[in-house]
Amino acid sequence: MTTPAIEVRGLRKAFGAQTVIDGLDLTVSCGEVFALLGPNGAGKTTIINILTTLIKPDAGTATVGGFDVASAAMQVRRRISLTGQSAAVDDALSAVENVVMFARLAGLSSSASRRRAKELLESFGLTDAATRRVATFSGGMRRRLDLALSFVVTPEVLFLDEPTTGLDTLSRRDLWDIIRSLAAAGTTVFLTTQYLEEADQLADRIAVLHDGRVAALGTAAELKARVGGDTVELHDEHGGLLREIATDGSVPGLRRALDELDQQGAEGTVNLRRPTLDDVFLAVTASEKAPVLAKENA
Ligand SMILES: Nc1ncnc2c1ncn2[C@@H]1O[C@H](COP(=O)(O)OP(=O)(O)OP(=O)(O)O)[C@@H](O)[C@H]1O
Ligand SMILES: [Mg+2]
């Protein structure tokens with residue numbers, strides 16, 4: 001069996017009296033895109049901080065690339081890169097200077113650094129702003145530059161903490177494409193998100209974090225099935241909800257729901273609501289004692 005990219009066993013972390021991570025187990029295979037899904041304060045950043053050696057766990061073990069994050073932190077750091085929730089860019093420098101500096105620190109030659117900076121600024125839509133001081137950037141531009149930095153060298157494992165927060169739809173899609181191409185080239189991606197749609201678009205598997213543990217684990221389809229599929233909604237002209245009919249998301253299922261509305265002579269605007277993180281979350285936390293969705297094959 002090959003070594004998993006990430007292996008977490010019985011991980012615990014408390015801040016004062018507040019236990020944030022409470023016996024977390026998870027295994028991420030090499031080359032997998034794994035999403036950790038959870039609302040504000042669930043402990044996503046704490047887990048990322050432990051896995052990237054920024055903070056130490058109170059108990060349990062975690063390995064990245066086969067190396068223990070506590071006892072072999074340097075080995076882990078050499079194999080990863082991280083984009084956190086707060087930007088690491090230097091305001092006084094231009095975009096291109098930021099990337100070049102980062103590339104030089106990562107050990108690239110001066111000419112290789114400039115080449116890499118040009119490529120990355122292009123991928124992240126910052127070519128026109130390359131020589132502007134970052135202090136003049138919008139929030140979204142800073143975020144894109146921050147993300148570009150974590151792609152300077154291709155790591156074994158890429159950690160992205162809520163990568164698309166603060167990005168517009170177009171930049172979000174561009175980033176998804178970049179992440180997909182990295183994963184296709186063999187990089188393991190561990191990302192956190194509050195959006196089921198994002199996890200759905202990117203992740204091979206999704207873990208739902210609740211009470212400091214993995215409350216459900218599976219593909220997006222499996223998680224949605226647990227919620228019970230899509231809902232057909234009928235709204236009046238003011239947007240008020242008149243009716244909702246649960247469907248399984250299939251064509252015949254949708255047709256049955258619409259036929260039902262038709263037979264009742266229902267009037268209004270119809271739309272299809274897909275399961276949101278809230279729905280998944282409610283379903284998972286409502287059935288606390290139920291077995292988890294899919295057992296890990298550790
Ligand atoms: N250094 C710290 N000291 C004290 N409490 C902390 C510290 N870091 C995190 N916490 C607490 O731990 C809990 C989890 O925080 P964390 O930042 O991991 O959540 P998150 O899932 O990343 O949330 P968000 O979606 O808002 O980023 C929160 O209640 C937070 O207040
Ligand atoms: Mg966070």
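**Reading a predicted chain, feature by feature**

Modeller: Let's start with contacts. Among those between residues at least 6 apart in sequence, 66% join residues at least 24 apart. Keep in mind that this is a predicted model.

Biologist: How many helices and strands are there in the chain, and what box do the C-alpha atoms fill?

Modeller: The chain has 10 helices and 13 strands. Taken along the principal axes, its C-alpha atoms fill a box of roughly 70 × 45 × 40 Å. Of the 298 residues, 45% are buried. The accessible surface comes to about 14800 Å², and carbon and sulfur atoms own 51% of that.

Biologist: Which residues touch the most other members of the largest nonpolar core?

Modeller: A core here is a set of buried nonpolar residues joined through side-chain atoms within 4.5 Å. The largest one has 51 residues, and those touching the most other members are Val99, Phe124, Phe137, Leu145, Phe151 and Ile206. Helix α6 (residues 169-184) gives the largest share of this core, 6 residues. Apart from it there is another core, of 28 residues, including Val8, Ala42, Val157 and Phe159.

Biologist: Take Phe151, then. What is Phe151 in contact with, leaving aside its neighbours within four places in sequence?

Modeller: With those neighbours set aside, Phe151 is in contact with Arg116, Leu120, Phe124, Leu158, Leu175, Ile178, Ile179 and Leu182.

Biologist: What about a whole helix: why is α5 described as largely enclosed?

Modeller: You count its buried residues, where buried means under 20% relative accessible area. In helix α5 (residues 139-149), 9 of the 11 residues are buried, so the rest of the structure largely encloses it. The buried set holds Gly140, Met141, Arg143, Arg144, Leu145, Asp146, Leu147, Ala148 and Leu149. They pack against β6 (80-83), α3 (95-105), α4, β7 (157-161) and α6.

Biologist: And one residue from α4: is Ser113 buried or exposed?

Modeller: Ser113 sits in helix α4 (residues 110-123). Its relative accessibility is 0%, so Ser113 counts as buried. Neighbours within four places aside, Ser113 is in contact with Val100, Ala103, Arg104 and Leu108.

Biologist: Now give me the opposite case. Where is His238, and is His238 buried or exposed?

Modeller: His238 is in the loop between β11 (231-235) and β12 (241-246). At 70% relative accessibility, His238 counts as exposed.

Biologist: On to sheets. In what order do the 4 strands of the open sheet run?

Modeller: The order is β2-β1-β4-β5, with antiparallel pairing. Look for strands that have a single partner: β2 (18-28) and β5 (67-68) stand at the edges, so each has one side without a neighbour in the sheet. Further in, β1 (residues 6-15) and β4 (residues 59-64) pair in the antiparallel sense over 5 bridges. Arg12 stands opposite Ala59 in β4.

Biologist: How many salt bridges are there?

Modeller: The rule asks for a side-chain nitrogen of Lys or Arg within 4 Å of a carboxyl oxygen of Asp or Glu. That gives a count of 15 salt bridges. One of them joins Asp58 and Lys13, with the closest N and O atoms 3.7 Å apart. Asp58 is in the loop between α1 (44-51) and β4, while Lys13 is in strand β1, so the pair ties together parts 45 residues apart in sequence. Lys13 is buried, at 11% relative accessible area.

Biologist: Which parts does the pair of Glu156 and Arg79 link?

Modeller: Their side chains meet in a salt bridge at 3.5 Å, N to O. Glu156 is in the loop between α5 and β7, and Arg79 is in helix α2 (residues 73-79), 77 residues apart. Glu156 is partly exposed, at 43%.

Biologist: What does the salt bridge between Asp91 and Arg142 tie together?

Modeller: This one is 2.9 Å, N to O. Asp91 lies in the loop between β6 and α3, and Arg142 in helix α5, so parts 51 residues apart in sequence are tied together. Asp91 is partly exposed at 33%, and Arg142 counts as partly exposed at 22%. Salt bridges can share partners too, and they join Arg12, Asp22 and Arg213 into one network.

Biologist: Last one: which residues make the nonpolar surface patch?

Modeller: Leu254, Leu258, Val270 and Leu272 make a patch of about 290 Å². The elements giving two or more residues to this patch are α9 (251-263) and β13 (269-273). Leu254, in helix α9, counts as partly exposed at 31% relative accessibility.

Conventions:
Residues numbered from 1 in each chain as written. Chains lettered and ligands numbered in written order. Predicted model: local features only at pLDDT ≥ 70, side-chain atom pairs only at ≥ 80, totals over all residues. Heavy atoms only, no water. Patch = residues over 30% accessible without salt bridge, like charges linked within 9 Å, V, L, I, M, F, W, Y side chains within 5 Å. Areas by Shrake-Rupley, 256 points an atom, 1.4 Å probe, with all protein chains shown as cover. Buried < 20%, exposed > 50% of the residue type's maximum accessible area, 1.4 Å probe, protein only. Contact = heavy atoms within 4.5 Å. Pairing = 2+ DSSP bridges.
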